[in-house]
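Here is a quick tour for anyone meeting this protein for the first time. Have a look at the sequence and the model, then read on.

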Amino acid sequence: MVRLHVLTPNDWPLWRDARLAALTEAPHAFKSRVGDWHRGGEERWRARLETPGAYNVLASLDERTVGMASGLPGDGGVCELRSVWVGPEARGLGVSDQLIAAVETWARRSGATALKLAVIPGNSPAVSLYARHGFVLAEERGDLLPDGVTREHVMVKAFR
Ligand SMILES: CC(C)(COP(=O)(O)OP(=O)(O)OC[C@H]1O[C@@H](n2cnc3c(N)ncnc32)[C@H](O)[C@@H]1OP(=O)(O)O)[C@@H](O)C(=O)NCCC(=O)NCCS
């Protein structure tokens, strides 16, 4: 059974291990690089979990961490869905559905008007997942990627 675990700053080693696993396993999916985070110690990981108003959740299967996601408060009541990852051994089981639903519930409860995310073009499993959850391509231009040409795609789900 998949279990979700909402993290506190003291859980930073769990978050670190999951995030480093994600950045190592799926570098194509994230703007951050694993090398950026290897330089960070406890203070940096804690700071990430201490972001005011943030929501960080891990998914576990048989006591093993298999996925993660974050919600961050944003401007104008638009929260951000970040750091979504499910390990290869747990893909196709609906783990990401549970993670996204948890972040959406958190965003709605915190009074958000919408939830948005950024995805690297070509990441079709992720785009397909977000579309299934009601996210649509936004007009907003995403951040420029290191190639200096490609931009992330922004997707948004408005709450009515
Ligand atoms: C994207 C991701 C979170 C989906 O997780 P998941 O729990 O497997 O999600 P789902 O089971 O709903 O599958 C989502 C899509 O992935 C595809 N998929 C399913 N099982 C898969 C597998 N074993 N391997 C690769 N892709 C798979 C499916 O095509 C599905 O698309 P569909 O909705 O059209 O059927 C996961 O593949 C992942 O972590 N990828 C690497 C990191 C990443 O891309 N994060 C998102 C950053 S924006």
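What percentage of the 160 residues of the protein count as buried? The answer is 27%, where buried asks for 20 or more other C-beta atoms, placed from the backbone, within 10 Å of a residue's own.

Before going further, keep in mind that this is a predicted model: local features need pLDDT of at least 70, side-chain atom pairs count only at pLDDT 80 or more, and totals for chains, interfaces and linings use all residues. Residues are numbered from 1 along each chain as its sequence is written.

**Overall build**

The protein has five helices and seven strands, taken as DSSP runs (H or I over at least four residues for helices, E over at least two for strands) and numbered from the N terminus. With a radius of gyration of 15 Å, close to the 15 Å of the globule rule for 160 residues, the protein is as compact as a globular protein of that length; the radius is taken over C-alpha atoms, and the rule is 2.2 Å times the number of residues to the power 0.38. Along the sequence you'd read β-α-α-α-β-β-β-α-β-α-β-β. The C-alpha trace spans about 40 × 35 × 30 Å along its principal axes.

**The sheet**

The seven strands make an open, mixed sheet, in the order β1-β2-β3-β4-β5-β7-β6. Strands count as paired if DSSP finds at least two bridges between them. β1 (2–6) and β6 sit at the edges with a single partner strand each, so one side of each has no neighbour in the sheet.

Here are some antiparallel pairs:

| Strands | Bridges | A residue pair |
|---|---|---|
| β2 (residues 55–61) and β3 (residues 64–72) | seven bridges | Y55 opposite G71 |
| β5 (residues 114–119) and β7 (residues 151–158) | six bridges | A118 with V154 |
| β6 (residues 136–144) and β7 | four bridges | V136 opposite V156 |

The hairpin of β6 and β7 has six residues between the strands, and G148 there takes a positive phi near 75°.

**Around the ligand**

Now for the ligand: 18 residues surround it, the closest being A29, R91, G92, S96 and P125. A residue makes the list if its C-beta atom, placed from the backbone, lies within 6 Å of the molecule. β4 (78–86), α4 (95–109) and α5 (124–132) each supply at least two residues of this shell, and α5 gives the largest share, five residues.

Technical notes
Buried ≥ 20, exposed ≤ 12 C-beta atoms within 10 Å, placed from the backbone.
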